[in-house]
Amino acid sequence: MMASSYNAKDEDGHITVSGPGGGTLKNKKPDNTAFKQQRLPAWQPILTAGTVLPAFFIIGLIFIPIGIGLYVTSNNIKELEIDYTGVDMSSPCFNCSQNFSWNSTRPCTCTIPFYLEQAFESNVFMYYGLSNFYQNHRRYVKSRDDSQLNGDIEALLNPSKECEPYARNENKPIAPCGAIANSMFNDTLELFYIDPNGTKIQIPLMKKGIAWWTDKHVKFRNPGGNNPNLTAVFQGTTKPVNWRKPVYELDTDSENNGFINEDFIVWMRTAALPTFRKLYRIIQKKNSMIPTLPRGNYTLEVVYNYPVGSFEGRKRMILSTISWMGGKNPFLGIAYITVGSICFFLGVVLLIIHHKYGNRNNSADITN
Amino acid sequence: MFRKRPPPEEERRVRANDREYNEKFQYASNCIMTSKYNIITFLPVNLFEQFQEVANTYFLFLLILQLIPQISSLSWFTTIVPLALVLSITAVKDATDDYFRHKSDNQVNNRQSQVLIRGSLQNEKWMNVRVGDIIKLENNQFVAADLLLLSSTEPHGLCYIETAELDGETNMKVRQSVSVTSELGDPNNLATFDGEVVCEPPNNKLDRFCGTLYWRDSKYGLTNQNMLLRGCVLRNTEACYGLVIFAGPDTKLMQNSGRTKFKRTSIDRLMNTLVLWIFGFLVCMGVILAVGNAVWEREVGSLFQSYLPWDPPVDNFLFSAFLSFWSYVIILNTVVPISLYVSVEVIRLGHSYFINWDRQMFCSQFNTAAEARTTTLNEELGQVEYIFSDKTGTLTQNIMSFNKCSINGQAYGEVTDPLEPPPKRLDFTPFNPLADPDFCFYDDTLLESVKVGDLHTHEFFRLLSLCHTVMSEEKSEGELVYKAQSPDEGALVTAARNFGFVFRSRTPGTITITEMGRPVTYTLLAILDFNNIRKRMSVIVRNPEGRIRLYCKGADTLLFERLHPCNQELMNITSDHLNEYAADGLRTLALAYRDLSEEEWEAWSESHRCAGKATDCREDRLAAAYEQIEQDMMLLGATAIEDKLQEGVPETIAILSLANIKIWVLTGDKQETAVNIGYSCKMLTDDMTEVFIISGHTVQSVRQELRRARERMIEVSRGRDGGKEGGVEGWEGACYNGNGFGGGQAGATGGGGGGEKQLQCPPPPGTPPPPPPPSPPPPLPPLPPQPPSTLMDNISGEFALVINGHSLAHALEADMEAEFVLTACACKAVICCRVTPLQKALVVELIKKHKKAVTLAIGDGANDVSMIKSAHIGVGISGQEGIQAVLASDYSFSQFRFLQRLLLVHGRWSYLRMCRFLCYFFYKNFAFTMVHFWFGFFCGFSAQTVYDQYFITLYNIVYTSLPVLAMGIFDQDVPEQRSLEYPKLYEPGQLNLLFNKREFFICIAQGIYTSVVLFFVPYAVLSDATQSTGEPLADYQTFAVTTATALVIVVSVQIALDTGFWTVINHVFVWGSLGCYFTIMFAMHSQTLFIIFPNQFHFVGSAQSTLLQPVVWLTIALATVICIVPVLAFRFLKLDLKPQLSDTVRYTQLVRQKKRKPVGRSMGGVRGGVGSVSEGRLGARGSSRRSGYAFAHQEGFGELITSGKNMRLSSLALATFASRHSSSWIDTLRKKKHAHTHTPPSASGECSPAPSYVSGSVPPLSTSSSVLGGSQDTPVEEGTHTPPVQSAQVDPVPSTHTPPPSAPASEAACVDVVSPTSVRCPGGDSPGGWTLSLGMVQEALFGWKGIAARTSGSSSPGPPSVAKETSNTE
């Protein structure tokens, strides 16, 4: 069965010049090119004390100042975080969290007072944060239909099966389909400043400009082009199961309604980790004289629609200012300082080792 | 291929001219099929074969898994694209290979042969020849199948064949038909021939055939002597007829060709093991994550169902965990990416091309470049430990030339001064019109002496022209062609011819020669033929004056015993000359004559006749008769024939053995020849402690001989241990504490081991008597078979083993194997002679079985095929006549010396590159894949990938493949010249140091570390970070882009660190890959693509928004530094504290380049050292004297001649002699050689103009520069020449003899310096001075410490500098 590899042709004992007509003896000497002879000019770096040790010192010297800069910057950022899940009995939202039912028509509202010890100077960003919420679960992540969200009529009426089991409800296609959209965060947060004289001033919250530009303008589009009549466009579809109102009633502003509603877009950009925050509103600085959020008493009013108790999730409201490097992030600075120091230290240690035990000096003498 | 095999044959019955009868037995036809597929079966069979590869099946399985939506965590295209690529590449390659096999099969099967069908000769294709057919062969045709010779045009049914393709022997062989059939003669009679042959079933024994012919109610025994085997060529015979006995696959040639074995390299095997381990690891990870999934789904997932319900088929957490397991198997499969196998193949292909392109392995003489015929074995070339070499055609050129002679105490033929331009070749034509124009000789004193009419010289050449069994043909007047049975004889007779004693013709009773232009006819009274025991032959002739004289030539040892006592003085002088010749590796013969009186002759002739007629013990009686007459002879002189070595053989062997490679010679030649060649190529030296010869004929005797050899070794090395005086032979004074030495170099045996041992236990200087402390307890009783192998491994001293074919047969038996291996592997050199092709393979298999070492077999003939196939690596010598060895080989080139370059340069690099490639490859894939594992803990073990799926698809194919490929193909640690200079650099490969399980775990650990960093640094940074516009950075897509970018950058930095040789290509690939990554990422994340396929490109805009963030870049920089800094620190420490030899060499190179100072000493030292290795041969004159009488000689030709059997009737008539046979075999041979090789035939004894050899520009045995190959460093060249000059100055004694033409004066000088000592102690105990220098070279290269002290006392100029250099290098 096994093929013998004996090649009979060569019984001849002649070197047959392969190929028909190849009778002439041409010179088969390989070309004398640097490439074929493996003599390409090459840089041959070697890890010597002369290159490695300076590298360590340089890394150290670069990293430490950066780290300090980052640390200082991060420390200058002001951040306030309020957990309003309402797990504790004492929490104002305890009732809301306990008595939640999807069917209740009357929204449950709770008010959380807090005191701002330092004024927030520049633009203030308001986030909502969720914990233990697995937006990065594989089945969750894929449960969307980007064609539908991009305004494709076909997909609007026939959502991808990735959206299952939130593709259809009562035989009507769900718009927007999928688990992500279905679980959209729908608490409403409002912020009031309590004047020293007791008046409650609502702080204006900007709800536009919180999504990525590409998301808002490229990725998400309402079906039917620029047809302002979204109700007609979404005709024949039904709202996601958990939603209280259909997608075309998310906002009154036509620039922020339907699929291009920015709260919706922000939600649809799934988080990488189970604890995450998402930008909710922006509090714009009005003029340079008054801080955006002066120091004082505030209340946060929450329309508590979003249940997280079932899976022991937590909900937070975060207020934060921002620097050139983004929000508060002490880790980066500390990490830079640490790594820089370690490099520097390693450099010193290696230098000592090299001087005491290194072999290089001897072998360098080969040439002398 | 799918032909059903008939049951094994018990015996074969063949009836001539009776196809119907023979059909019954279903014998194989003469059709040969080596191809595997045809058009229809190709696809299924090929796919079937490919899916037998575990890897392919595995990926197919993954592909199927990915089609299940609940499991699929990746799109199907991430697997199918690479898989399809791999499958189709392999399929195309297989198809091409098979196409060529088809072509060659067709060509052979369609060859024409003349078949006797129904009484007439018809042309038939080879494939249609059937068993039982009678076919006609013509001169120079190949035998189509195994034939029973029926009749021939030559008298007595003789015919001549050349079996070079079969067993590698180039001398002609005679076959004779059974007498009854030889009378049949012409086709008409043959057509009626209906004899039946009953014979043995097909087998692979080339030298045996046993059968019976039944014809006309009589039985005739058949032997191998009646058979013409496929693969032979009919020579010198007009035509012959034969009956086909075995056809096609049953022929002995095909039976001997063995099965194709798929060769795998040890790296391959290791890789497969590792891949299996990785699979195991993968399953473990899968299980861990699945358990995690189960826990998570139960604890969290079930509660989270309001937002994320379970998929419909999933109803509990266990099922979910089960699915999750498979999902993780899919996403983690990239730890063993399919591109691994493809990349490995590509790298090997690249290396193969470099071998093909190497100009330094190109032989302009044959116009052949080296060729890597198998592209899958390259890195194994860097790990070879045993080389099995054929002799004829591999080590030697199979050209004999008459080189020197000693006549009446006067030596001729030595070129006086090698530094002067070589003297002109003598021109014989004016003196002798019959001279052979191709004959070369340089010493005109000999010619003068002939012209002057020196009686001794005349008698000398008369003897050469009379005493032989050569046949001559004279096609036209003066155009003589000799048909010598052995090339030696041809060379001698040709020499005599040129010096004026031209052998013209012979009849059974006369020999006609032309003596100095005068024709003389001698009456040939008797030929006292050659045989192995006699080692001499004589003729008794009566000259025209009626004087009877016996001429004898033979082995000096035997001849000198039979000389007349008055020759004593001449014998001593001649003996000295013989020793010189023998030391030069020349084959020597002593010549003598004896005058016989008429009475003596009568008396003897009577006794001879009686002996000849005796029925019992005829041989013995004849021998006794011969013995009786060959007495009291007068010595004439001696001849020296050079069996020309291939260029550079001794140097290559020296270098290879410095690289710790053991070389075994396996040859079909006789013991004497083999030993002789062993000496001339420096495998054996007179300095060797002992050469054991195993030639027992029974199991017991072989066993005994092997044991005795081993006892002796242990004895000797023990003796040495005790009796060593500090330093001098210390390097050999090995200690038994072999287990004690560390440094990863334990287990090194042989010379290298000796060097290392030295460093462990330096002999205490100044205290001569006490043995080194760790020596073993004093003498054990003679060892029973218990010598533990460790003991044997540490045998010191240089031993060699010569074993004969028949002994080898016993030694290879199952119960002897171990014993044989134990003995043989303790020897520095092993020579197996008289071995059959199959035995060669068995020896190789034996070593493969008992030693975990890589073997390489090199050979040129068909007889080497089996060995070439069974060795890990087979090398064929191309450019010679045969091509079968080349076809069976994995590598081919035309000169043995290219082997050093193949192994030390290409092999070493290949190994290094492959190892670095594998390390990096595993590293990068672990770094890439393990991130998913960590992410699993944060995404509910849901098998969510960290990266974009396109990134996963392209990571291995595009983003990281090319830089590592470039490294795998182009990397060099040290330049090529250095690896030839420091053969020790080869050692890491043999010891498997660069890629083994330990290295693998280090890579894996590094990969896992990197993955941890790559996941947790972005995790820590990004979880809180926001963009400068306030949007959080912790979204999945940003995280994916950040991690992926950090990964690509980290692995790119790592490859930059790993790459030691940055060519333009490396730069392009490394930077190009990075560029590619960003380009592709931006393209994938672009709006254009998204608008077209919104469902496929989810990541729109991520790249832009992410990579614009300074935080992201800070994160990437941080991760990169954390990943790379520890690696950098470790590597630096390793280099600084424990540098490898290659590091040191590399560093030295760098410093040298920087300083640009002429520094040649290090190389000079090494070169000088190596030089002294080759000089060593001229050193100690041991007692061994190697006589080369008629080495390729066969017994029995004398009888043929005297019986006149082999003379054509017509050729007895001198007149018609010349006109017959326009094309004799020599003629065709010559034509062929001219056409293909441009070398004149060897048989006629012409001198071959192997150019460099003759011109003396590169004397192959002498200068070390040729050892080390063309180095381009100028300082190096300076260093090269110093040692010889110095040694010449040291020489205090003017040489009495002139050095041989191939050796420079310095060598001879060295000899004189050293020889006194060595001659004084010829016993095995002291290895003599040259061992010392060899030892020091080895030490210099191997050892690292404590040498200077010992070497300082040496008189040799080379080694001290070596020592200095070495101690500096530390």
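Predicted model: local features only at pLDDT ≥ 70, side-chain atom pairs only at ≥ 80, totals over all residues.
**Stop 1**

Colour chain A and chain B separately. At their interface, 116 residues of chain A are in contact with 146 residues of chain B. The area buried between the two chains is about 11800 Å². Carbon and sulfur atoms give 62% of that area. The interface of chain A and chain B holds 2 salt bridges. For one that involves both chains, select A:Arg269 and B:Asp1035. Their closest N and O atoms are 2.8 Å apart.

**Stop 2: annotated spans of chain A**

An unreviewed UniProt entry annotates both as "transmembrane region". Residues 46-72 are 89% helix and 0% strand, with end C-alpha atoms 39 Å apart. Residues 331-353 are 100% helix, and their end C-alpha atoms lie 32 Å apart.

**Stop 3: helix α29 of chain B**

Now select residues 898-936 of chain B. This is helix α29, with 39 residues. From first C-alpha to last, α29(B) reaches 55 Å, close to the 57 Å expected. Centre on B:Gly907, where α29(B) bends by about 30 degrees. Is α29(B) largely enclosed or open? Of its 39 residues, 38 are buried, so the rest of the structure largely encloses α29(B).

**Stop 4**

Step on to B:Ala943, in the loop between α29 and α30 (949-959) of chain B. B:Ala943 counts as buried because its relative accessibility is 0%, and the cut-off is under 20%. What touches B:Ala943, leaving aside neighbours within four places in sequence? Show A:Arg138, B:Ser73, B:Ser327, B:Tyr328 and B:Ile331. For scale, draw a distance from B:Ala943 to B:Arg175: their C-alpha atoms are separated by 77 Å.

**Stop 5: salt bridges**

The structure holds 59 salt bridges over all chains. Start with B:Arg1131 and B:Asp1058, whose side chains meet at 2.5 Å, N to O. B:Arg1131 lies in helix α39 and B:Asp1058 in helix α35 of chain B, so the pair ties together parts 73 residues apart in sequence. B:Arg1131 is partly exposed at 27%, while B:Asp1058 is buried at 14%.

Go next to B:Glu11 and B:Arg13, a salt bridge of 3.2 Å. B:Glu11 is partly exposed at 39% relative accessibility, and B:Arg13 is partly exposed at 31%. In chain A, pick A:Asp31 and A:Lys36, a salt bridge of 3.1 Å. A:Asp31 is partly exposed at 41%.

Finish on a network. Select B:Glu459, B:Arg462, B:Glu515, B:Arg518, B:Arg547, B:Arg549 and B:Asp595, which are linked by salt bridges.

Key
Residues numbered from 1 in each chain as written. Chains lettered and ligands numbered in written order. Heavy atoms only, no water. Helix = DSSP H or I, 4+ residues; strand = E, 2+ residues; numbered from the N terminus. Expected span 1.5 Å × (residues − 1). Bend = angle between axes of the 7 residues up to and from the residue. Buried < 20%, exposed > 50% of the residue type's maximum accessible area, 1.4 Å probe, protein only. Contact = heavy atoms within 4.5 Å. UniProt positions renumbered as here; feature names shortened; annotations may be inferred. Buried area = accessible area lost by both parts, 1.4 Å probe. Salt bridge = Lys/Arg side-chain N within 4 Å of Asp/Glu carboxyl O.
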